[in-house]
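New notebook page, new structure. I'll jot down what I look up as I go.

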Amino acid sequence: MVLTTEQLNQAGIGHHYIESRRGGILIPLARGVYGIGDVTPAVRLRAVLALMPASAGSHHTAGRGHALPVRPVDVVEVTTARRSRVVI
């Protein structure tokens, strides 16, 4: 599951709680974006696509999404409409 700081705040979870759980139950994926539970490459891809709507999975990431036989990698590869970089 991927949640933003805003979503956590709306659920009544404050800054202090979020900071005290970083790296534990809340796995930082990007600024203001956290994973909860098993943070698989698919979860990381959803986080990137949420941050960058004009993007799509590419290379091995796209192959896995289409159930093609690709080698397993921990990197999420994304193509964007403009030059940018997000590390998750």
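This is a predicted model: local features need pLDDT of at least 70, side-chain atom pairs count only at pLDDT 80 or more; totals for chains, interfaces and linings use all residues.

**Order of elements.** I walked along the protein chain from the N terminus and wrote down β-α-α-β-β-α-β-α-β. The tally for the chain is 4 helices and 5 strands.

**The chain as a whole.** How many of the residues count as buried? I looked it up: 24% of the 88 residues in the protein chain do. Next I checked the accessible surface, which comes to about 6,100 Å². Carbon and sulfur atoms own 56% of that surface. Then I turned to contacts in the protein chain with a separation of 6 or more, and 41% of them link residues 24 or more positions apart.

What is the strand order in the open sheet? I get 1-3-2 for its 3 strands, and the pairing is antiparallel.

**Strand 3 and its partners.** I went through the pairings next. Strand 1 pairs with strand 3 in the antiparallel sense over 3 bridges. In that pairing I found Val2 opposite Gly35 of strand 3. On to strand 2: 4 bridges join strand 2 to strand 3 (residues 33-36), and these two run antiparallel. Here Gly35 turns up again, as the bridge partner of Ile27. I also noted Ala30, which stands opposite Val33 in strand 3.

**The hairpin.** What do strand 2 and strand 3 form together? They make a hairpin, with 2 residues between them. I checked the turn as well, and Gly32 there has a positive phi of about 80°.

**Salt bridges.** How many salt bridges does a search of the whole structure find? I got 1. Glu19 forms a salt bridge with Arg22, and their closest N and O atoms are 3.9 Å apart. My cut-off for such a pair is within 4 Å, so this one is counted.

Are the two residues buried or exposed, or something in between? Glu19 has 40% relative accessibility, so I put Glu19 down as partly exposed. Arg22 has a relative accessible area of 40% and is partly exposed too. The reasoning is that buried means under 20% and exposed means over 50%, with partly exposed in between.

Note on methods
Residues are numbered from 1 along each chain as its sequence is written. Side-chain values use heavy atoms; hydrogens and water are left out. Two strands pair if DSSP finds at least two bridges between them. Buried means under 20% relative accessible area, exposed over 50%, partly exposed in between (1.4 Å probe, protein chains only). Contact means heavy atoms within 4.5 Å. Accessible areas come from the Shrake-Rupley method with a 1.4 Å probe; for residues, only the protein chains shown count as cover. A salt bridge is a side-chain nitrogen of Lys or Arg within 4 Å of a carboxyl oxygen of Asp or Glu.
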